[in-house]
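Subject: Structure for your review

Dear colleague,

Please find the structure below, handed over for your study.

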Amino acid sequence: MRKIISKGYMTSLINDMTNMETLWIDDEKTRNKQFKTMLKSGECEELITLIRSIYLNKKERKSFGKKSFKTDDEIMQTAEKLLNEEFGVILGIPPEEVPNYIKNHIA
């Protein structure tokens with residue numbers, strides 16, 4: 001367990017989301033191992049990297065008519081849940097309202 005991040009730090013993460021690095025490993029086993037390690041860390045930066053990386057890869061695969069990887073989708077859902085719960089506590093809003101908050105506040 002770790003302390004919840006500050007509201008100021010959360011705001012800076014939201015503002016920097018579109019500029020954050022992504023990570024993609026072509027080998028599925030290696031990628032899943034790395035992504036699960038990042039997920040277990042619980043660090044917001046790691047969760048955002050996971051979500052962005054999987055989302056962008058999913059979008060690219062879809063443009064080529066390919067399906068996304070089931071394991072990646074599950075990892076992304078877990079990462080989103082963790083991030084939404086933490087941000088929800090910080091903001092005092094339900095976790096399901098966090099994605100709209102983020103969309104409205106991205107720089």
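Helices here are DSSP runs of type H or I with at least four residues, numbered from the N terminus. By that numbering, D72 belongs to helix α4, which covers residues 70–91. Please bear in mind throughout that this is a predicted model.

Is D72 buried or exposed? Its relative accessible area is 2%, and a residue counts as buried under 20%, so D72 is buried. When neighbours within four places in sequence are set aside, D72 has contacts with W24, R31, N32, F35 and I54. Several of these residues return below.

**The packing of α2 and α3**

Two packed helices are described by the angle between their axes and by the distance between those axes. Helix α2 spans residues 28–41 and helix α3 spans residues 44–63. These two helices pack at an angle of about 140°, and their axes are 8 Å apart. Their crossing is left-handed.

Which residues make this contact? On the side of α2 they are F35, M38, L39 and S41. On the side of α3 they are E46, L47, T49, L50, S53 and I54.

**Aromatic rings**

A pair of aromatic rings is described by the distance of the centres and the angle of the planes. The structure contains one aromatic pair. W24 and F35 form this pair, with 6.0 Å from centre to centre and 65° between the planes. Why is the pair called edge-to-face? Planes over 60 degrees apart count as edge-to-face, and the planes of W24 and F35 are 65° apart, so the pair falls in that class.

The pair links distant parts of the chain. W24 is in the loop between α1 (7–16) and α2, whereas F35 is in helix α2, and the two are eleven residues apart. Their accessibility can be compared with the cut-offs for burial. F35, with a relative accessible area of 0%, is buried. W24 has a value of 27% and therefore counts as partly exposed, the class between 20% and 50%.

A ring also takes part in another arrangement. The charged end of R31 sits over the ring of F69, at 4.7 Å from the centre of that ring.

**Two further buried residues**

I75 is located in helix α4. With 5% relative accessibility, I75 counts as buried. Apart from neighbours within four places in sequence, I75 is in contact with N32, F35, K36, L39, L50 and I54. The C-alpha atoms of I75 and I5 are separated by 22 Å, and the two residues are 70 residues apart along the chain.

M17 lies in the loop between α1 and α2. Although M17 is in a loop, its relative accessibility is 10%, so M17 counts as buried. Its contacts, leaving aside neighbours within four places in sequence, are with I48, R52, L83, F87 and I102. From M17 to N32 there are 15 residues along the chain, and their C-alpha atoms are separated by 22 Å.

**Two exposed loop residues**

Where is K67 found? K67 is in the loop between α3 and α4. Its relative accessible area is 70%, and K67 is therefore exposed. K67 and E85 are 18 residues apart in sequence and 28 Å apart in space, taken from C-alpha to C-alpha.

G92 is placed in the loop between α4 and α5 (98–105). With a relative accessible area of 67%, G92 is exposed. In sequence G92 and I14 are 78 residues apart, and in space they are 16 Å apart, C-alpha to C-alpha.

Yours sincerely,
A colleague

Methods
Residues are numbered from 1 along each chain as its sequence is written. This is a predicted model: local features need pLDDT of at least 70, side-chain atom pairs count only at pLDDT 80 or more; totals for chains, interfaces and linings use all residues. Side-chain values use heavy atoms; hydrogens and water are left out. Axes are lines fitted to C-alpha atoms, for helices over the stretch in contact, and angles run from 0 to 180 degrees between N-to-C directions. A crossing is left-handed if the near helix is turned anticlockwise from the far one by less than a right angle, and right-handed if clockwise. Contact means heavy atoms within 4.5 Å. Rings of Phe, Tyr and Trp (its six-membered ring) pair if their centres lie within 6.5 Å; planes under 30 degrees apart count as stacked, over 60 as edge-to-face and the rest as tilted. Buried means under 20% relative accessible area, exposed over 50%, partly exposed in between (1.4 Å probe, protein chains only). A charge sits over a ring if NZ of Lys or CZ of Arg is within 6 Å of the ring centre and within 35 degrees of the ring normal.
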